[in-house]
Amino acid sequence: MFKIEEKDNVYFVIPTAETLINNFNRFEVPYDSNWEIYKLFGYEPQDFAKYIISTFNATVIVQYEFPWMKFYFKKYIDAENFKNELEKRAS
């Protein structure tokens, strides 16, 4: 359902291609795959950011352009713990 990708020595948890294909609505544009993650937690984006910072040591960057927020983990174990929580909620 989700996977961990490493880029520039940080780790991102993202939906797999299969998850995106199964959930992507081509009529909803622009599409932010983060919504696949937010909806599993039932939080508004700001509350979600607070949660993953405090629980999983995430770094959250709020941007003034789409996709508005991105988050990553400096340690693989934190990304893995977050991914495990996501998959538990998704099943």
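## Contacts of Glu85

Leaving aside residues up to four places away in sequence, Glu85 touches Phe41, Tyr51 and Phe56; a contact means heavy atoms within 4.5 Å. Glu85 is part of helix H4, which covers residues 76-90. The relative accessible area of Glu85 is 17%, so this residue is buried (buried means under 20% relative accessible area, exposed over 50%, and partly exposed in between, with a 1.4 Å probe and protein chains only).

## Basis of the model

The model is predicted: local features need pLDDT of at least 70, side-chain atom pairs count only at pLDDT 80 or more, and totals for chains, interfaces and linings use all residues. Residues are numbered from 1 along each chain as its sequence is written, and side-chain values use heavy atoms, with hydrogens and water left out.

## Helix H2

Helix H2 spans residues 34-41, and its buried residues are Asn34, Glu36, Ile37, Tyr38 and Phe41. Phe41 is also one of the residues that Glu85 touches. Just after H2 comes Gly42, with a positive phi of about 75 degrees.

## The chain as a whole

The chain has 4 helices and 4 strands, in the order β-β-α-α-α-β-β-α from the N terminus. Helices (H or I, at least four residues) and strands (E, at least two) are DSSP runs, numbered from the N terminus.

Of its 91 residues, 32% count as buried. Among contacts with a separation of 6 or more, 48% are between residues 24 or more positions apart. The accessible surface of the chain is about 6200 Å², and carbon and sulfur atoms hold 51% of that surface; accessible areas come from the Shrake-Rupley method with a 1.4 Å probe, and for residues only the protein chains shown count as cover.
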